[in-house]
Amino acid sequence: MGQAGLVSFMNVGIVMLIIGFSVLFLMVRFELGPASGLSPVRKWIMTLALGSGMVAFSIKLMIIATLVNFPAQTIRLFAAQQTDPLQLEREAPNAETPIVRLPGLQKAYVWRTLPETAPAPKWNPTTPEKVVLGERLFHDTALSIDRTLSCSSCHDVRNGAGEDHRPGSLGVGGQVGSRNAPTVWNSGFQSVLFWDGRAASLEDQAAGPPVNPAEMGMPSLEAVEQRVNENPAYRDAFARAFGADQPITIRQITAAIAAYERTLNTSDTPYDRFVRGDRQALSAAQLRGMALFQSVGCILCHSGPNFSAASVFDPPPAALRLFPAFDAPHYVKRYQLDKDVGANTPGSKQAVWRVPSLRNVALTAPYLHNGSVDNLHEVVRIMATLQRGKRVSNDAADNATLVWSSRDRTLARIEAAPLSDRDVDDIVEFLKALSSDRLLARSQAGVL
Ligand code: HEC
Ligand code: HEC
């Protein structure tokens, strides 16, 4: 039960008590009192004695209402009338990251905007000098063995949404990788990186691709250092970023790239504008999709301002999740979801993946770790089925799923009112509201 609901229920309890006692007092004063000839003090004692049962009863009711999650609808009968049709409660209007709750849903979930800057580790503060240097390194093909690929070949940030629109990326020598390139936009807010979460920071991550034989193909990190040292134009830039007379090392190279990546943030979305207070920023369908995103339970994993539990806004244990979590063999087969177990031990039956951010997701097809799905509607259906045990249909005949665990010998009945086509459409509309205005303008101009 929401805090507001509980408070209003208490209020009703107190008002009832006052009315009850008034009636009792009047009865004793004008009826019982005169008839029995009691003294004034005794009349008070009698009122209290008669009322004690009522007090006990009210207290019992309140305890029960607090323990049993009292249905929100009942509470709303008592709650103060909201004048706003959206029933929005705005909180902390002047705070740096505004907060919006959508009441009326089972549990208040706090929607937050993305801060402008991504947090940096103490040892590698984001300075303008490092960012300029990092941008240059990010776009330098000297980091690949045949000087054909830079980070931006697979993560196009100047003209694109920070990825390559391919199911598997093209590495040196035309090799096709088995995993989809995630966008680097907003990756500074992620607590772990890669589809399987194997890198703990952007600095760690940046040392991977240059020496990955299927990506940039350099023989060693020393070879990468040597390539950067060979270019005299870098000397000044490194001196400005890290101080003069320091050797150029892989630690500095990756620190500069990470500092640059921490500036690639997109809080310029309709969603963020809405949370900051612009009621017109979201369409009716998007608002409905937003409520569904919560009520269907997408927020259990895609939580917080970066729409990922694997972000700096959530504690790290939330980062990795089973996918698929529920059985749906047709999806698993069609999209080959059993070929790669992600972060789980190789050979395991079940796959575990890092929860990806959903910001700009409408601009970064194809989807999933293997890039096997190119349609956002289909991904939403897959997520609802495989991650929430929902049925996706317009037939409302059976609205619960039974899940039997033979290990724990438990039978769980999961309320799963099927998701209709319109629900799926509206969730997709909401996901589109997570696209950056800047990136969207580029895509509409045909650059992306
Ligand atoms: C050949 C294509 C390719 C190149 C070149 C490349 N990447 Fe990637 N990048 C990928 C793929 C594919 C993944 C996902 C791999 C995985 O999860 O196993 C990825 C993942 C990432 C991620 C993690 C994003 C997230 O949300 O987890 C970051 C950050 C990143 N790359 C940055 C870089 C940087 C910096 C460089 C240059 C030093 C670079 N990439 C070069 C293809 C590439
Ligand atoms: C139990 C956790 C969980 C829940 C609940 C969940 N997701 Fe996901 N979601 C994931 C994981 C893990 C992945 C990465 C899957 C992979 O590795 O291919 C993912 C991937 C996605 C993607 C693809 C992102 C990309 O860049 O390819 C979208 C879109 C998405 N989820 C939307 C949703 C929606 C909408 C809901 C609610 C219907 C939802 N998710 C519910 C865990 C979850």
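These are my notebook entries on a predicted model of one protein chain and two ligands.

**Ground rules**

I number residues from 1 along each chain as its sequence is written, and I letter chains from A and number ligands from 1 in the order in which they are written. Since I have a predicted model, local features need pLDDT of at least 70, side-chain atom pairs count only at pLDDT 80 or more, and totals for chains, interfaces and linings use all residues; side-chain values use heavy atoms, with hydrogens and water left out.

**Entry 1: the whole chain**

I started with the overall fold and found 16 helices and 7 strands. Helices (H or I, at least four residues) and strands (E, at least two) are DSSP runs, numbered from the N terminus. Next I looked up burial: of the 448 residues in the chain, 43% are buried. Buried means under 20% relative accessible area, exposed over 50%, and partly exposed in between, with a 1.4 Å probe and protein chains only.

I then checked contacts (heavy atoms within 4.5 Å). Among those with a separation of 6 or more, 66% join residues 24 or more positions apart.

**Entry 2: ligand 1 and its iron**

Which protein atom is the donor of the iron atom of ligand 1? I found that the only one is NE2 of H155, at 2.1 Å. Donors are N, O and S atoms within 2.8 Å of the metal (3.2 Å for Na, K and Ca); water is not among the atoms, so sites may look incomplete. H155 itself sits in the loop between α5 (151–154) and α6 (202–206).

Around ligand 1 I listed 26 residues, and C151, C154, H155, F194 and W195 come nearest. To be near, a residue needs one of its heavy atoms within 4 Å. By class, this shell holds 15 nonpolar, 6 polar and 5 charged residues. Here Ala, Val, Leu, Ile, Met, Phe, Trp, Tyr, Cys and Pro count as nonpolar, Asp, Glu, Lys and Arg as charged, and the others, Gly among them, as polar.

I also looked for polar contacts, which are pairs of N or O atoms within 3.5 Å. A polar backbone atom of F194 lies 2.6 Å from an oxygen atom of ligand 1. A polar side-chain atom of R179 is 3.0 Å from an oxygen atom of the ligand, and for the side chain of R354 I noted 3.0 Å. The elements giving two or more residues to this shell are α5, α6 and α10 (250–261). The largest share, 3 residues, comes from α6.

**Entry 3: ligand 2**

I counted 23 residues around ligand 2, the closest being C298, C301, H302, H369 and M383. A polar side-chain atom of H302 is 2.9 Å from a nitrogen atom of ligand 2. The side chain of H369 comes to 2.7 Å from an oxygen atom of the ligand, and a backbone N or O atom of L368 lies 2.8 Å from an oxygen atom. Two or more residues each come from β5 (352–354) and α14 (376–388), and α14 gives the most, with 6. The classes here are 17 nonpolar, 4 polar and 2 charged.

**Entry 4: R359**

Why does R359 count as buried? It does so because its relative accessibility is 2%. I placed R359 in the loop between β5 and α14. Its side chain reaches the backbone oxygen of P305 at 2.8 Å. Leaving out residues up to four places away in sequence, R359 touches several others, including D272, N306 and L434.

Key:
A polar contact is a pair of N or O atoms within 3.5 Å; within protein, one must be able to donate a hydrogen and the other to accept it, and residues adjacent in sequence count only if both atoms are side-chain atoms.
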